[in-house]
Amino acid sequence: MKIAMMARNAELYTHRRLQEAAEARGHQLDIINTLRCYMNIASRRPEIYYNGDKLEGYDAVIPRIGASITFYGLAVLRQFEMMGVYPLNESVAIGRSRDKLRSMQLLARDGIGLPVTTFAHDPKQTEEVLKLAGGAPIVIKLLEGTQGLGVVLADTDRSAKSVVEAFRAANTNILLQEFIKEAGGTDIRAIVVGGKVIAAMKRTGAAGDFRSNLHRGGSAQVIKLSPEERATAVRAAKSMGLNVCGVDMLRANHGPVVMEVNSSPGLEGVEKATGLDIAGKIIEYMEKHAKPGATKTKGKG
């Protein structure tokens, strides 16, 4: 099998591991810088060029699209799909998960546990929106944020209002979410591949930081999920239509709540915490499912 991996940085742990896992199984995996691709959007003859050469003969594509280049990355991925190349995750599904508001609406529609989440455009509605979310302490998130950036915990209604007004002045879209105090600065990431949870870890934030992202200095350890947490992760992946993803959950008093579904989860933390070959399991999944033209929009909305 000949695989293209859309990635800007070939040296990242996850990208190296996926390449090693593919080559260990006798496949060719080429790492392609997404931003260096350009396309010929011709009727019935879609083409992608890379560094002057036409990309041909690929059986599958692994999209590792950075949040900052989502728009262009999805355009390139759609072009691969039009060429009949099997995508590990479809462009439509990645688009759903990258839009925090859309993804929350889809998860809510499917009855999946969520923190109370509110959204408004008019800054005059700040007080009402704060009240709807349960008041301070409250988490304020930029819709376009990633890796824990653009996430603020406001301890009082007054400080929350100030933060919201500051974000509004910068003309950015934000969500307000209830703060799950009982989670104690930890969250769970479950890795879902092909509708099954294959690994899970508990992430704990750095001292004094309520965010548990490993990029922000958090730590990880292996964890055993409850049946409800496992089912929630699988249902969240299905809601997005993602074949491979990381589902981030908090343990609330009323059960697991989903914070985010990540379509390009990093493998370093979870592989080191669990000792499992996650990259190998992803390649095995592709071996079973990568067929020409096997792209259909999974999920709804």
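Predicted model: local features only at pLDDT ≥ 70, side-chain atom pairs only at ≥ 80, totals over all residues.
## Overall build

Let's start with the whole chain. The protein contains nine helices and 16 strands. Its radius of gyration is 20 Å, close to the 19 Å that the globule rule gives for 301 residues, so the protein is as compact as a globular protein of that length.

Of the 301 residues, 49% are buried. Among contacts with a separation of 6 or more, 68% are between residues 24 or more positions apart.

## Helix α3, an enclosed element

Helix α3 covers residues 91–98, and it is worth a look in the viewer. Six of its eight residues are buried, so the helix is largely enclosed by the rest of the structure. The buried residues are Ser 91, Ala 93, Ile 94, Gly 95, Arg 96 and Ser 97.

What do the buried residues of α3 pack against? Their partners include three helices, namely α2 (70–82), α4 (100–109) and α7 (227–240). The strands β6 (60–63) and β16 (255–262) also pack against them.

## His 15, a buried residue in α1

Next, a single residue near the start of the numbering. His 15 sits in helix α1, which runs over residues 13–24. With a relative accessible area of 4%, His 15 counts as buried because this value is under the 20% cut-off.

Which side chain makes a polar contact with that of His 15? The partner is Arg 64, at 3.4 Å. Setting aside residues up to four places away in sequence, His 15 touches Met 5, Ala 7, Asn 9, Ala 10 and Ile 31, as well as Arg 64.

## Thr 172, a loop residue

Our last stop is a loop. Thr 172 is found between α6 (157–169) and β11 (174–178). Is Thr 172 buried or partly exposed? Its relative accessible area is 24%, which makes Thr 172 partly exposed.

Leaving out neighbours within four places in sequence, Thr 172 is in contact with Leu 142 and Phe 167. Leu 143 lies 29 residues from Thr 172 along the chain, and the C-alpha atoms of Thr 172 and Leu 143 are separated by 7.9 Å.

How values were computed
Residues numbered from 1 in each chain as written. Heavy atoms only, no water. Helix = DSSP H or I, 4+ residues; strand = E, 2+ residues; numbered from the N terminus. Rg over C-alpha atoms; globule rule 2.2 N^0.38 Å. Buried < 20%, exposed > 50% of the residue type's maximum accessible area, 1.4 Å probe, protein only. Contact = heavy atoms within 4.5 Å. Polar contact = N/O pair within 3.5 Å; in protein donor to acceptor, adjacent residues only side chain to side chain.
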